[in-house]
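This report describes the fold and packing of one protein chain. Please keep the sequence and the coordinates at hand while reading.

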Amino acid sequence: MIGPRHTKRNQRSPRILFRHLAPLRFILYPAASMTRGAMTMDGLQTNSTEHGCDIALDGLCFAVDGKAILSDISVNLTASRIGVVGRNGSGKSTLARVIAGLVAPTSGTARMDGLHLSQDRKAALRQVGILFQNPDHQIIFPTVDEEIGFGLRQLGHGKDAVAKMTRDTLTRFGKSHWAGAYINTLSQGQKHLVCLMAVVAMGPKTIILDEPFTGLDIPTKAQLNRYLANYKGGLIHITHDPADLAGYDQVIWLEQGKLAQNGAAADVLPAYIARMTALGGSDDISDLAG
Ligand SMILES: Nc1ncnc2c1ncn2[C@@H]1O[C@H](COP(=O)(O)OP(=O)(O)OP(=O)(O)O)[C@@H](O)[C@H]1O
Ligand SMILES: [Mg+2]
């Protein structure tokens, strides 16, 4: 049954568009991955990845109504596990949307595997999935299984295959009992998990995770870590918690829409932590951009 919340959401075509940009390949995780690393709580690991990212940002600028949000960012993101850090309002989520091709740069270029995804929606479908920071900006269906199944249908899977893949995904996350649950009865953290399951189920080449652990309890976070650790594609992980990026290969740090630092996690994270700690000792509150 389709409730009023669903009807209202379906009128918001941009959200449907976003889901259409979700990607192609579905990866079946081995049952063994359900137990591997179960006791580690220290962030994602880099083992078992097969593909690095191939993202080239060149002179990237993004502005809204003349207000600069991203300024002259040039960097290659080539690792399998890439972290993005920066203060509130520094442009992390905006950068995620640009990389995913949901919005076009105002000037400069953003390419993934040489493709301009904002100009090539078919390519975007194959390339990238994005987990939004706010699950309410992502969810468009009333029940959990419909939400997960939607992206799989967009990939061209038939009804029976979609039902099976949806069941398999829920099972692998230990959430089979959520299948028919109404999303508006879930907590915020549970909604976040539904969004992540929907993106992961589709197996994109690269997943962009915008603060994926927000609101998740410790066991659920550990469970997600296990799945992400075994993900064969690339991950771009936006977070405020450097501990989430333990074992990551590359980290970029944004400051007021500019690239403050790019490099190995071992170099960038200590500098970032030192700076944030220093700011935390002052009265500074992050400014609004513009
Ligand atoms: N559509 C928009 N119109 C006007 N300003 C915007 C728009 N999108 C983002 N901004 C502004 O751009 C800046 C960067 O926003 P963004 O959401 O990318 O930051 P963020 O680094 O993800 O922050 P947070 O850590 O709080 O999630 C903010 O000042 C925000 O208000
Ligand atoms: Mg953000």
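Is valine 103 buried, partly exposed or exposed? Valine 103 is partly exposed, since 14 other C-beta atoms lie within 10 Å; here a residue is buried if 20 or more other C-beta atoms lie within 10 Å of its own, exposed if 12 or fewer, and partly exposed in between, with C-beta atoms placed from the backbone. Valine 103 sits in the loop between helix 3 (92-99) and strand 4 (107-112). Helices (H or I, at least four residues) and strands (E, at least two) are DSSP runs numbered from the N terminus.

Neighbours within four places in sequence aside, valine 103 is in contact with Phe62, Arg97, Val98 and Ser118, where contact requires C-beta atoms, placed from the backbone, within 7 Å. Serine 118 is 15 residues from valine 103 in sequence, and the two C-alpha atoms are 6.1 Å apart in space.

## Model and confidence

The structure is a predicted model, in which local features need pLDDT of at least 70 and side-chain atom pairs count only at pLDDT 80 or more, while totals for chains, interfaces and linings use all residues. Residues are numbered from 1 along each chain as its sequence is written, and chains are lettered from A and ligands numbered from 1 in the order in which they are written.

The mean pLDDT (the predictor's confidence in each residue, from 0 to 100) of the protein chain is 81, and 79% of its residues reach 70 or more. Residues 1-49 have a pLDDT below 50; beyond near neighbours in sequence, this stretch has 97 contacts in the model.

## Overall composition

The protein chain contains nine helices and nine strands. Of its 290 residues, 41% are buried. Among contacts between residues at least 6 apart in sequence, 77% join residues at least 24 apart.

For isoleucine 208, the contacts beyond four places in sequence are Ala96, Ile99, Ala100, Val128, Ile130, Leu131 and Ile236.

Helix 7 is mostly covered, with 11 of its 14 residues buried; among them are His192, Cys195 and Met197. These buried residues pack against strand 5, helix 5 (144-154), helix 6 (159-172), strand 6 and helix 8. Just after helix 7, glycine 203 takes a positive phi of about 60°.

Strand 5 pairs with strand 6 (residues 206-210) in the parallel sense over four bridges, where pairing requires at least two bridges found by DSSP. Valine 128 stands opposite threonine 206 in strand 6.

In helix 8 (residues 218-229), the buried residues are Leu224, Asn225, Arg226, Leu228 and Ala229. Their cover includes helix 7 and strand 7 (234-238).

## The two sides of helix 9

Helix 9 (residues 265-280) has Ala265, Val268, Leu269 and Tyr272 as its buried residues. Seen down the helix axis, these fall within an arc of 90°, so they line one face of helix 9; the arc is that of the directions from the axis to the C-beta atoms. An α-helix has 3.6 residues a turn, so residues three or four places apart point the same way.

The buried residues of helix 9 pack against strand 3 (81-86), strand 8 (250-255) and strand 9 (258-263). On the other side, Ala266, Asp267, Pro270, Ala274, Thr277 and Ala278 are exposed.

## Positive phi at two aspartates

Most residues other than glycine have a negative phi. Aspartate 65, however, has a positive phi of about 50°; this residue is found in the loop between strand 1 (55-64) and strand 2 (67-77) and is exposed, with 5 other C-beta atoms within 10 Å.

Aspartate 72 also has a positive phi of about 50°. Its place is in strand 2, and with 15 C-beta neighbours inside 10 Å aspartate 72 counts as partly exposed.

Note on methods: Contact = placed C-beta atoms within 7 Å.
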